[in-house]
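Colleague: I'd like to learn how to read a model like this one, feature by feature. Could you walk me through it?

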Amino acid sequence: MARTLLCEPVVLFRREDGGAVALEDRCCHRALPLSMGKVIGDRLQCGYHGLEFNPAGECVKIPGQDMIPPDAKVKSYPLVERWKWLWIWMGDPALADDRLIPNWWWFDHPEWELVKGKYLKLGCNYQLITDNLLDLSHLAYVHLNTLGTTDISEFPIKTDREKDMVRMTRWIIDRPAPPMFQTLGNFEGTVDRWQIVETFSPCLTQIRAGACDAGSCNPDLGEPGEGMHIRSLNAPTPETETSTYYFFGHARDFAMGNKEVSDDLFRMVSQTFDEDVVILEAQQKMLTDWPENGLIDINLDAPGIAVRRMLARDIEAEQV
Ligand code: FES
Ligand SMILES: [Fe+2]
């Protein structure tokens, strides 16, 4: 499978034991994309002159020749499969550290039901996706027909900054449950509802959302154990400066094993994200066409601005 990631051509394949491998998708002989070749056992064979590369990216066979030149190799990227996702490290392999992968255990735990995800390819910079996820007030405008309830923006947000994470918290107190929560949660009256959005540097966002009977928990203590809980995990992966693969998935701790609920959730989330695509691509077009024209900030932008600061700090640290 071929993917351009961070402007670099990458080819992904699986070894015989199922382990995933990521190599540079450009043969070091005459530059044919290796993704046009064939997987043979644990090796990838180029589709032009048959050079074979092992998972470390080393050429291990040249048909008709015994001597393999020492620089016959392509880049091999550190890759880890965890929480049902693949995590690639595009930087210096010596600096790869799998502890930087967020702890998204909900995708692989018997008490949580995984709702399948998908990916979208968006014509926008990845940071616009982070902005969008940290600012759920847009539900009232962009997603009026799906998730939106107009009362969201009445409730203030709180921004917390930690070293490598920014958190946006909003509680919507004593309001009717949105339709999906109402159907599945069997609430008798109004609910207290939370949205806790956490972005880890550089751009991995987990959303914890849920609802409980109004007055049954203390918002000051953070997300309560009571009620129903959803996790929305988001991994925008830059293709280029202005295009992004947006991978996402959901997990929930209610209606376990209920396929209909999973299908409904998937359909609703997909429809919602399709609405975001229209907005994000239109924004990117304007930002590209009119780069000098300024932008103003409003209160809602605080978490997004905090993430951009965190990102700028980390990008600068990488330059040395
Ligand atoms: S271009 Fe790959 S083997 Fe020649
Ligand atoms: Fe949205």
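This is a predicted model: local features need pLDDT of at least 70, side-chain atom pairs count only at pLDDT 80 or more; totals for chains, interfaces and linings use all residues.

Colleague: Where does Leu 6 lie, and what is its phi?

Modeller: Helices (H or I, at least four residues) and strands (E, at least two) are DSSP runs, numbered from the N terminus. Leu 6 lies in the loop between β1 (2-5) and β2 (8-14). Its phi is near 50 degrees, a positive value in a residue other than glycine. Asp 174 also has a positive phi, near 60 degrees, but Asp 174 sits in strand β13 (residues 165-175). With 44% relative accessibility, Asp 174 counts as partly exposed.

Colleague: Which peptide bond is cis?

Modeller: Look at omega here: the bond from Ser 201 to Pro 202 is cis, with omega near 0 degrees. Pro 202 belongs to the loop between β14 (191-200) and β15 (204-213).

Colleague: Let's zoom out. How many helices and strands are there in the chain?

Modeller: The chain has 4 helices and 17 strands. Its C-alpha trace spans about 75 × 50 × 35 Å along the principal axes. Of the 320 residues, 45% are buried. For contacts, the test is heavy atoms within 4.5 Å. Among contacts with a separation of 6 or more, 54% join residues 24 or more positions apart.

Colleague: Which residues touch the most other members of the largest nonpolar core?

Modeller: A nonpolar core is a set of buried Ala, Val, Leu, Ile, Met, Phe, Trp, Tyr and Cys residues joined through side-chain atoms within 4.5 Å. The largest one has 37 residues, and Leu 120, Leu 122, Ile 129, Phe 181, Phe 187 and Tyr 246 touch the most other members. Helix α3 (residues 259-289) gives the most to this core, with 6 residues. There is also a second, separate core of 15 residues, including Val 11, Leu 32, Leu 51 and Ala 72.

Colleague: What is Leu 120 in contact with, beyond its neighbours within four places in sequence?

Modeller: Leaving those neighbours aside, Leu 120 contacts Thr 244, Tyr 245, Tyr 246, Phe 248, Phe 273, Asp 274 and Val 277. Compare Pro 236 in strand β16 (residues 228-240). Pro 236 counts as buried because its relative accessibility is 3%. With the neighbours within four places again left aside, Pro 236 contacts Tyr 126, Ile 129, Cys 203, Thr 244, Tyr 245 and Tyr 246.

Colleague: Now the metal. Which atoms coordinate the iron ion (ligand 2)?

Modeller: Donors are N, O and S atoms within 2.8 Å of the metal (3.2 Å for Na, K and Ca); water is not among the atoms, so sites may look incomplete. The iron ion (ligand 2) is coordinated by His 138 (NE2), His 143 (NE2) and two OD atoms of Asp 276, at 2.0 to 2.2 Å. Along the chain the donors follow the spacing H-x4-H-x132-D. His 138 lies in the loop between α1 (126-134) and β12 (157-162) and Asp 276 in helix α3, so the pair ties together parts 138 residues apart in sequence. His 138 is buried, at 10% relative accessible area, and Asp 276 is buried at 5%.

Colleague: How do α1 and α4 cross?

Modeller: Axes are lines fitted to C-alpha atoms, for helices over the stretch in contact, and angles run from 0 to 180 degrees between N-to-C directions. The axes of α1 and helix α4 (residues 302-319) come within 9 Å and cross at roughly 140 degrees. Residues making the contact include Tyr 126 and Leu 134 of α1 and Pro 303 and Leu 311 of α4.

Definitions and conventions: Residues are numbered from 1 along each chain as its sequence is written. Chains are lettered from A and ligands numbered from 1 in the order in which they are written. Side-chain values use heavy atoms; hydrogens and water are left out. Buried means under 20% relative accessible area, exposed over 50%, partly exposed in between (1.4 Å probe, protein chains only).
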